[in-house]
Amino acid sequence: MTTKILIITAVLGVATAGAAHAQSIGSGQSNNASVRSQLNATITDVNNSVSVTSAAISNSVTIDGGTAVSLNNNQNAWGGAASQLNATIGDVSKDVSATSAAIANSATIKTSDWGGAITNTQVAYNDPSATLNSTISDVSGTVSATAAAISNSATIDSRLGSLTSSQTNTAGVSAIATTTVRDVSGAVTNTVAAIGNSLTVTGF
């Protein structure tokens, strides 16, 4: 079991006009079932860009606004999330992107003015797994191939009075990519990422 707890306290002024419209926002999500996505794609002879994605997500929330007195996010993922992408792509005149992503809990919180007291709690109990099998050839642009499995992810961009974030992962996290890439004019990027807990805080 891995647990992350972050507490940030800051003293900042709040404009009176903004406070008049401030509100409290609460979001609670719990998923008890398995989530699975699979994409089998064969794509050839494309005179443009190609993007293929297989994504399995248990809980996802996006909060984007102006001013709040408090923001509270609570996410619990009991079921597993599994994504698989099998892709054969060839003869593309521009860029190619292939992504397999499995996420248990994802939260994005952004305020343009003031976030007040922000609380984020995320718990993942079951395994996220992402698998990518790809063969990519004869591409005039760039190639990006990614397999990413994440238990808990939170991104917070806000001026704030206080922030308390707790992320707990009790699951195994697995990302596997098998890629063959050839005859590409641009840059090639292959990425495999398995992440238990991830927190990004900016704007304060």
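Trp 78 is partly exposed, its relative accessible area being 43%, and Tyr 125 also counts as partly exposed, at 32% relative accessibility; here buried means under 20% relative accessible area, exposed over 50%, and partly exposed in between, with a 1.4 Å probe and protein chains only. The model is a predicted one, in which local features need pLDDT of at least 70 and side-chain atom pairs count only at pLDDT 80 or more, while totals for chains, interfaces and linings use all residues. Residues are numbered from 1 along each chain as its sequence is written, and side-chain values use heavy atoms, with hydrogens and water left out.

**The aromatic pair**

A search of the whole structure finds 1 aromatic pair. Trp 78 and Tyr 125 form this pair, which is stacked, with 3.8 Å centre to centre and 10° between the planes. Rings of Phe, Tyr and Trp (its six-membered ring) are taken to pair if their centres lie within 6.5 Å, and planes under 30 degrees apart count as stacked, over 60 as edge-to-face and the rest as tilted. The pair links distant parts of the chain, 47 residues apart: Trp 78 lies in the loop between strand 4 (50–77) and strand 5 (81–92), and Tyr 125 in the loop between strand 7 (117–124) and strand 8 (128–139).

**Elements and strand pairing**

The chain has 1 helix and 12 strands, both being DSSP runs numbered from the N terminus (helices H or I, at least four residues; strands E, at least two). From the N terminus on, the order is β-α-β-β-β-β-β-β-β-β-β-β-β.

| Strands | Sense | Bridges |
|---|---|---|
| strand 2 (residues 23–31) and strand 4 | parallel | 9 bridges |
| strand 4 and strand 6 (residues 96–114) | parallel | 16 bridges |
| strand 4 and strand 7 | parallel | 8 bridges |

**Nonpolar cores**

A nonpolar core is a set of buried Ala, Val, Leu, Ile, Met, Phe, Trp, Tyr and Cys residues joined through side-chain atoms within 4.5 Å. The largest such core holds 15 residues, of which Val 52, Ile 89 and Val 96 touch the most other members. Two or more residues of this core come from each of strand 4, strand 5, strand 6, strand 8 and strand 9 (143–157), and the largest share, 4 residues, comes from strand 5. Apart from this core lies another, of 11 residues, among them Ala 68, Ala 107, Leu 160 and Leu 163.

With contact meaning heavy atoms within 4.5 Å, and leaving aside neighbours within four places in sequence, Val 96 is in contact with Val 50, Ile 89, Ile 136, Val 139, Thr 142, Val 143 and Ser 144.

**Val 123 and the chain as a whole**

Val 123 lies in strand 7 and counts as buried, at 11% relative accessibility. Beyond its neighbours within four places in sequence, Val 123 is in contact with Gln 75, Asn 76, Ala 77, Asn 105, Asn 152 and Thr 168. The C-alpha atoms of Val 123 and Thr 170, which are 47 residues apart along the chain, are separated by 8.0 Å.

Among contacts in the chain between residues at least 6 apart in sequence, 85% join residues at least 24 apart. Buried residues make up 41% of the 204 residues in the chain.

Terms used:
Pairing = 2+ DSSP bridges.
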